[in-house]
Amino acid sequence: GRGGLIGDFSKGHCVVVDIGFPESPEALDFMAASDASVIVTTPSSEAVHSAYALLKAFVFRRITVLFSDNEFIMDLIRQDTDPRNFGNARRFSDICSDIAVEFPDAAGRAFMEIEGFRPRLIINMAETDEDVLAADAFKKAVGQFLSHNIEYVGMLRRAKEIEDAHVGKRPFLLGGAAEGAKKEFEEIISVLMSGHAEDGESLRGDAGETSMIGRGHPQTFEK
């Protein structure tokens with residue numbers, strides 16, 4: 001109902017849309033229309049799993065929109081994404097391979113549609129330095145599904161000042177405390193605005209350290 005306001009929003013320099021975990025497939029279209037996407041998760045295994053499910057939902061949404069006029073491919077996608085189907089696709093390349101059997105050109109379109117999608121990752125509400133390992137788990141899962149290297153850009157520790165600001169509905173950056181959180185936040189913003197983190201940096205560093213473990217292109221279904 002508020003879609004008419006988007007034209008006014010777009011006159012600004014930067015528009016941030018927080019979709020959370022979308023309740024409708026259309027919410028994922030904000031990710032597709034964005035110049036950049038950032039996935040934020042807490043370190044818990046449940047949250048990391050939900051973040052991964054979000055990424056898979058985005059991929060399935062994109063190819064569903066792409067082939068909405070091809071009933072054969074749509075039926076194939078439904079079979080490949082049905083968890084009750086023992087032979088369902090475990091990787092995006094498997095879906096492309098199944099499409100390529102009948103429609104090689106369409107499989108190429110599907111691959112190109114997803115290949116350029118490279119979201120960034122932020123770990124939020126971390127308790128210890130070891131919580132950064134959640135980024136490793138997410139990157140591994142995404143690597144197996146998409147053959148992508150997801151960019152980890154930083155970690156924000158849990159802080160009472162931030163929780164108080166959340167309850168009071170006031171940005172914690174406007175307060176005078178939480179200097180550590182401000183530093184972490186500023187470093188993350190710096191990385192996001194710079195375009196990418198430095199190659200090869202370890203994930204297991206101090207809070208706020210960034211990493212980019214290569215941008216190698218995934219194997220195509222032809223290979």
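This short talk walks through one predicted protein model, from its overall layout to its salt bridges.

Some ground rules come before the tour. This is a predicted model, so local features need pLDDT of at least 70, and side-chain atom pairs count only at pLDDT 80 or more, while totals for chains, interfaces and linings use all residues. Residues are numbered from 1 along each chain as its sequence is written, and side-chain values use heavy atoms, with hydrogens and water left out.

Let's start with the whole protein. The secondary structure comes to nine helices and three strands. Helices here are DSSP runs of H or I with at least four residues, strands are runs of E with at least two, and both are numbered from the N terminus. Along the sequence, the order is α-α-β-α-α-α-α-β-α-β-α-α.

How much of the protein is buried? Of its 223 residues, 38% count as buried. Buried means under 20% relative accessible area, exposed means over 50%, and partly exposed is in between (1.4 Å probe, protein chains only). The protein exposes about 13400 Å², and carbon and sulfur atoms supply 54% of that. These areas come from the Shrake-Rupley method with a 1.4 Å probe; for residues, only the protein chains shown count as cover.

Now contacts, meaning heavy atoms within 4.5 Å. Take those with a separation of 6 or more: residues 24 or more positions apart account for 67% of them.

Next, the strands. Find β1, residues 38-41. Ile-39 and Thr-41 form its covered face. Val-38 and Val-40 form the uncovered one. β1 pairs with β2, residues 120-126, in the parallel sense over four bridges. Strands pair if DSSP finds at least two bridges between them. Which residue of β2 is the bridge partner of Ile-39? That partner is Leu-121.

On to helix α4, residues 71-80. Its buried residues are Ile-73, Met-74, Leu-76, Ile-77 and Asp-80. They cover an arc of only 160° around the axis, so they sit on the same side of α4. That arc is taken from the directions from the helix axis to the C-beta atoms. What covers them? The cover includes α3 (45-66), α5 (92-102) and α6 (104-115). At the N-terminal end of α4, Asn-70 is the cap: a side-chain oxygen lies 3.1 Å from the backbone nitrogen of Phe-72.

Last topic: salt bridges. Here that means a side-chain nitrogen of Lys or Arg within 4 Å of a carboxyl oxygen of Asp or Glu. Side chains of opposite charge can pair when their charged atoms come close. The whole structure has 15 salt bridges.

Look at Arg-158. Its side chain meets that of Glu-127 at 2.6 Å, N to O. This pair links distant parts of the chain, 31 residues apart. Arg-158 is in the loop between β3 (151-157) and α8 (160-167), and Glu-127 is in the loop between β2 and α7 (133-146). Arg-158 also forms a salt bridge with Glu-163, at 2.8 Å. Arg-158 is partly exposed, at 39% relative accessibility. Glu-163 is partly exposed too, at 34%, while Glu-127 is exposed, at 51%.

Now helix α9, residues 179-194. Glu-179 and Lys-182 form a salt bridge at 3.8 Å. They lie three residues apart, about one turn of the helix. Is each one buried or exposed? Glu-179 is exposed, at 52%; Lys-182 is buried, at 12%.

Methods
Polar contact = N/O pair within 3.5 Å; in protein donor to acceptor, adjacent residues only side chain to side chain.
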